[in-house]
Amino acid sequence: MYLFINFITHSSDQIQLILFVCTLFLCWNIENIAALSLDYKKWKHAFLNARFILTNSPIQLLMGIAFVSTMQLTAKHHFGLAYYFPTFHSQFLLFVVTFLLLDLGEYFYHVIMHKVKRLWMFHLVHHTDKVVDVSTTLREHPGENIIRLSFTLLWVFLSGAVFWALVLRQIIQVFTTLFAHMNYRLPNKMDSILGALFITPNLHQVHHHYQQPYTDSNYGDVLSIWDRLFGTFKKLPPENVVFGVDTHMENEDNSNFRSLFKLPFGKYRKNLKKN
Ligand SMILES: [Zn+2]
Ligand SMILES: [Zn+2]
């Protein structure tokens, strides 16, 4: 365990980058073989979403420094919720507690982004994608990137997460987030088994449905248990899922980088609340 923790601690950036590229490559090719929708220009769509890498990379670099400093501080003073659980002697249990706390934090973050109007305007950029595929993972407004990482930073501070446990969770998160956005649907039986615990592509596709109340469901990041616990879990027959948001279905609202960049600063549009 010590060697494993040491490896994760000292190679965190490389592991995450390699895993991200490999998973992206794998999901991209599964989509090429068994995509749900083929009726779109995949490379053009990916190029638009990938432009957010350019705006978000400097933010992630700066926030990375803040994360390291925060965790050094909490570790030094044994500050945070994780220290109240009797898990100090088991690294595995410490990881499980940290993982659950961080995943719960991500759930609440996602709910807040949907419920607070101005925050929704930032998160809306992700939701406006009319084809959800693996590149949709990259479609995050830099404003949301700052808000999300600041929220995670606050949660890391309050939870007292140790560095290696946070990195290990991020490694799992990279894989599950890309997987959940894949332009692919799991067979029903496999979805029922995996979906009992995890957010599957089928469940996240319901979250990307263009009308309420489905947009406000299945908020989970890695685990689906929080949605079941807090009553936000929803299923929708796959053939009924339509991607996008009913307020922004026109191409000029969702297929142009400049419009997407300006979107959070524009006028709030109320959902049509059908369905
Ligand atoms: Zn959302
Ligand atoms: Zn999504």
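A: In this predicted model, the charged end of arginine 169 is placed over the ring of phenylalanine 99, 5.3 Å from the ring centre.

Ring-to-ring contacts may be considered next. A pair of aromatic rings is described by the distance of the centres and the angle of the planes. The count comes to 13 aromatic pairs. One of them joins phenylalanine 52 and phenylalanine 257: the centres are 4.9 Å apart and the planes stand at 55 degrees, so the pair is classed as tilted. Because phenylalanine 52 belongs to helix H3 and phenylalanine 257 to helix H12 (residues 257-262), this pair ties together parts that are 205 residues apart in sequence. Phenylalanine 52 has 0% relative accessibility and therefore counts as buried. Phenylalanine 257 is buried as well, with a relative accessible area of 16%.

Another pair is formed by phenylalanine 108 and phenylalanine 230, with ring centres 5.5 Å apart and planes at 50 degrees, so that this pair, too, is tilted. Phenylalanine 108 lies in helix H4 and phenylalanine 230 in helix H10 (residues 225-230), so the contact ties together parts that are 122 residues apart in sequence. Phenylalanine 108 counts as partly exposed, at 34% relative accessibility, and phenylalanine 230 is likewise partly exposed, at 41%.

Helix H3, residues 42-77, contains 36 residues and reaches 49 Å from its first C-alpha to its last, close to the 52 Å expected. H3 bends by about 40 degrees at asparagine 56, and proline 58 follows within four residues. Just after H3, histidine 78 takes a positive phi of about 50 degrees.

The zinc ion (ligand 1) is coordinated through NE2 atoms of His110, His114, His123, His127 and His207, at 2.1 to 2.2 Å. Histidine 110 lies in helix H4 (residues 91-115) and histidine 127 in helix H5 (residues 117-127), so the two tie together parts that are 17 residues apart in sequence. Both histidine 110 and histidine 127 are buried. The zinc ion (ligand 1) is separated by 5.9 Å from the zinc ion (ligand 2).

Methods
Residues are numbered from 1 along each chain as its sequence is written. Chains are lettered from A and ligands numbered from 1 in the order in which they are written. This is a predicted model: local features need pLDDT of at least 70, side-chain atom pairs count only at pLDDT 80 or more; totals for chains, interfaces and linings use all residues. Side-chain values use heavy atoms; hydrogens and water are left out. Donors are N, O and S atoms within 2.8 Å of the metal (3.2 Å for Na, K and Ca); water is not among the atoms, so sites may look incomplete. Buried means under 20% relative accessible area, exposed over 50%, partly exposed in between (1.4 Å probe, protein chains only). The expected span of a helix is 1.5 Å times one less than its number of residues. The bend at a residue is the angle between axes fitted to the seven residues ending there and the seven starting there. Rings of Phe, Tyr and Trp (its six-membered ring) pair if their centres lie within 6.5 Å; planes under 30 degrees apart count as stacked, over 60 as edge-to-face and the rest as tilted. A charge sits over a ring if NZ of Lys or CZ of Arg is within 6 Å of the ring centre and within 35 degrees of the ring normal.
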